[in-house]
There are 2 protein chains.
Amino acid sequence: MDDRADNRTTPESSQSATRFLLDDGGVPTATAEIHDWLSRNGVEQQLEVTRVPFSAMDRWAFQPDDGRLAHESGRFFSIEGLHVRTNFGWRRDWTQPIIVQPEIGFLGLLVKEFDGVLHVLVQAKAEPGNINAVQLSPTLQATRSNYTGVHRGSKVRFIEYFNGTRPSRILVDVLQSEQGAWFLRKRNRNMVVEVFDDLPEHPNFRWLTVAQLRAMLHHDNVVNMDLRTVLACIPTAVEPGRTDEVLARLPGDSFQARLLHSFIGAGTSVHNMNSLLSWISDVRTTREFVQRNRPLPDIERSGWIRGDDGIEHEEKKYFTVFGVTVTTSDREVNSWMQPLLSPANSGLLALLVKDIGGTLHALVQPRTEAGGMDVAELAPTVHCQPDNYADAPPELRPAYLDYVLNVPRSRIRYDAWHSEEGGRFYRNENRYMLIEVPSDFDADDAPDHRWMTFDQITCLLGHSHYVNIQLRSIVACASAVYTRSDG
Amino acid sequence: MDDRADNRTTPESSQSATRFLLDDGGVPTATAEIHDWLSRNGVEQQLEVTRVPFSAMDRWAFQPDDGRLAHESGRFFSIEGLHVRTNFGWRRDWTQPIIVQPEIGFLGLLVKEFDGVLHVLVQAKAEPGNINAVQLSPTLQATRSNYTGVHRGSKVRFIEYFNGTRPSRILVDVLQSEQGAWFLRKRNRNMVVEVFDDLPEHPNFRWLTVAQLRAMLHHDNVVNMDLRTVLACIPTAVEPGRTDEVLARLPGDSFQARLLHSFIGAGTSVHNMNSLLSWISDVRTTREFVQRNRPLPDIERSGWIRGDDGIEHEEKKYFTVFGVTVTTSDREVNSWMQPLLSPANSGLLALLVKDIGGTLHALVQPRTEAGGMDVAELAPTVHCQPDNYADAPPELRPAYLDYVLNVPRSRIRYDAWHSEEGGRFYRNENRYMLIEVPSDFDADDAPDHRWMTFDQITCLLGHSHYVNIQLRSIVACASAVYTRSDG
């Protein structure tokens, strides 16, 4: 047991961590008003989304050389074939359709201090795949095609604070991966930038205190994926001398306080950071993982059916891909067509946490996904679409899935539904859970899992490709739990 | 200017750094004897390497589906087509042959303390492409095909200390990339492991003090690439209270001492670590970089010629690929055939260093390579095969190339030739240089370059894909400079 969770953070990151915890605005307010504002925006930004056959898609076509579905400009993204070979797991050799989007976009959040309180500038943004028409989004959410004008739309608002054109202070700036099951090596640039200028008002944008934003994560499908990942990348390991001051804000024996204690690095850890990094190297070496671009028609060998109405799997598992036409009045362009990916069913993302030696630890696993940048990234304890495993042999059923499906309500510390990126995924909603297990809970039978403190997870978020998008979402959700409330 | 180079190292890494500097054995000895031992091994391990046409290669063939040159087992590596598209540089769209070797191998160095002095177990190892028949190699240098027995050879010596079978203490364990110009996303697992067992003697293995090994880097083509990269990954930022003790070993105003001062993190830095990481994120976002596997015949579109005797470029640039048969008496198997890649000419890898505010800084650049894992990794100030640029337009000639080619001898602090991995590259020798520039040397005209302290570079080496193999080689070479000598 290490004396103190030995985070690897820099002095600048520790200072940011302390500010985001002490100057967050205190008890969140105005929840109803924020909902109203989102609803008003939902009416104004209404998107009409209609499925169309691939053959009716303007500017999109299956390319003659390798059959990929691509835009005539060569930009945006494409649907291609990917062959994967591994030496572990249920399926070890398959070819699947995958979204290829090599452009790295910006997910940027502006921060500004008003009267000593940190505020963030959120955007009410509609996306064609969204479950609620409009969700809270980062200040800037732009692909290269957006900000270089391939969309032929209006200019991207506030980009001047993220690309160095206007003075600002960069607090977070790291590339992070997105869903490896559906994207081939997709990353976005997660940024948090402090501004000192007075910014113009705009009806789609609104300043929230940090506490107000965190509290919105208690509500289903309100904070979008892009904002969740940016929130997760904010450092949490505070300066060594400031832990008592931060902890004083919450009742000492509450789950809230114990969670915060783990996030700020006040406790001890089962494994030190070198040992965790060595474990990650070991997993990435031991697991064989070979990705190769393939012509799209090759997916038929693995049971995928390509029709004009969509691409789907013969077992009705995994996902489908189809074309849509989107019409709007308030967007860079007034209407467009694009493919969307619709997962066949909902995902379950559950993180088990346990008190070990007086510090809460989270049980993470290294997860390999078809389109991942690296062999594995850290994922929640349970990370799957349970329906895909309905016919799996018992020994290949995901560890802890049945435990989570049957866990008593009294152990659930957080439980909400959030949706994935509405610009690519059609109405994809997943259940995110935080579950506290008793101290005699045994994890020895899952050799791939490891206990980590939350500050160890957030310190790794200072670098790319350690923590997958689903675990980052849970890290963001956990910040709602340790934010003060009236109750 | 930061008060102190704010490294991100862990307590364990700082302790290792201190030990490798204080317990290195002092002034290196026995240089002549080590050369003799290598020569004796060179006679015993003689490899006979003969070029053979592709059609005469046993078990290797161009595959019917995509034309790649592969082994019948599907293992080892293959020669495939890669298409690259970028938005910068001289060539922006091309297809080239590339070595695909998705298996991650071990590069492992055993360390043991004898009488308070750290020793490393080096191996005298022959490789078919080596310039000297035999070079100093890590204790363990094994691909998955080696250690899982695909070679049908003898067991891999000492692997039990690297895979957890025997007790040991892991000091370094990180995946690092190899030559991105020639390999597609190739990595190896760089490990340094301390052992406490008494190990059996073997004529191909020998314990050297850390100082003895570092001093061998003053000699051309003696320390192989695999050993150089492992050496580079050893932490150098010492525990905060120990810097004076480490510096006391060298004369205070010497270049040696100033170099060591930068490596151990005793000085100040121009940029803090957050700002450097942000810069790397910015480069990776701004540079467009799309890689796609292509059938091998597609390389002909970019001027590559495929004959039975080899694959070469019509401009006689870049490299050639050909088949060889290798015969030996002292190897896992007695003879085998394999393709080798032979670069068309030598590379120049030069790192400029400058005193800024009392601390030596190195001028690094983010370099993009066709087969890179990420868009860019940090590289030496000058990193190129100069002959490839003989006909380049002046504005696309690499920055500082002409400066280095004409630099006065009095500025050169290190200058040696080292070869790249002899298991894949045929007689590839590159010039590695460390050059101290005067304090009025201006780097403002090369906006892609940045000044970093050496401890900032070695702290980034705790993670994957920040520092490329050539810059790692120079980091290792620099350790020869700051090692004490009699002179």
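Figure 1. The buried residues are Ser13(A), Ser14(A), Ser16(A), Ala17(A), Thr18(A), Arg19(A), Phe20(A), Leu21(A) and Leu22(A). Helices are DSSP runs of H or I with at least four residues, strands are runs of E with at least two, and both are numbered from the N terminus.

**Figure 2. Contact of helices α7 (residues 255-263) and α11 (residues 469-482) of chain A.** The two axes, which are lines fitted to C-alpha atoms over the stretch in contact, come within 8 Å and cross at roughly 130°, on a scale from 0 to 180 degrees between N-to-C directions. That makes α7(A) oblique to α11(A); angles under 35 degrees count as roughly parallel, over 145 as roughly antiparallel, 65 to 115 as roughly perpendicular and the rest as oblique. Phe255(A), Gln256(A), Leu259(A), Leu260(A) and Phe263(A) of α7(A) meet Val475(A), Ala478(A), Val481(A) and Tyr482(A) of α11(A), where contact means heavy atoms within 4.5 Å. These residues divide into 8 nonpolar, 1 polar and no charged. Ala, Val, Leu, Ile, Met, Phe, Trp, Tyr, Cys and Pro count as nonpolar, Asp, Glu, Lys and Arg as charged, and the others, Gly among them, as polar.

**Figure 3. Contact of α5(A) with α11(A).** The axes come within 8 Å and cross at roughly 75°, and the helices are therefore roughly perpendicular to each other. Met225(A), Arg228(A), Thr229(A), Leu231(A) and Ala232(A) of α5(A) make the contact with Ile469(A), Arg472(A), Ser473(A), Val475(A) and Ala476(A) of α11(A). By class, the contact has 6 nonpolar, 2 polar and 2 charged residues.

**Figure 4. Asn221(A), a residue other than glycine with positive phi.** Asn221(A) lies in the loop between α4 (210-216) and α5 (225-232) of chain A, and its phi is near 55°. At 5% relative accessibility, Asn221(A) counts as buried.

**Notes.** Residues are numbered from 1 along each chain as its sequence is written, and chains are lettered from A and ligands numbered from 1 in the order in which they are written. In this predicted model, local features need pLDDT of at least 70, side-chain atom pairs count only at pLDDT 80 or more, and totals for chains, interfaces and linings use all residues, while side-chain values use heavy atoms, with hydrogens and water left out.

Terms used
Buried < 20%, exposed > 50% of the residue type's maximum accessible area, 1.4 Å probe, protein only.
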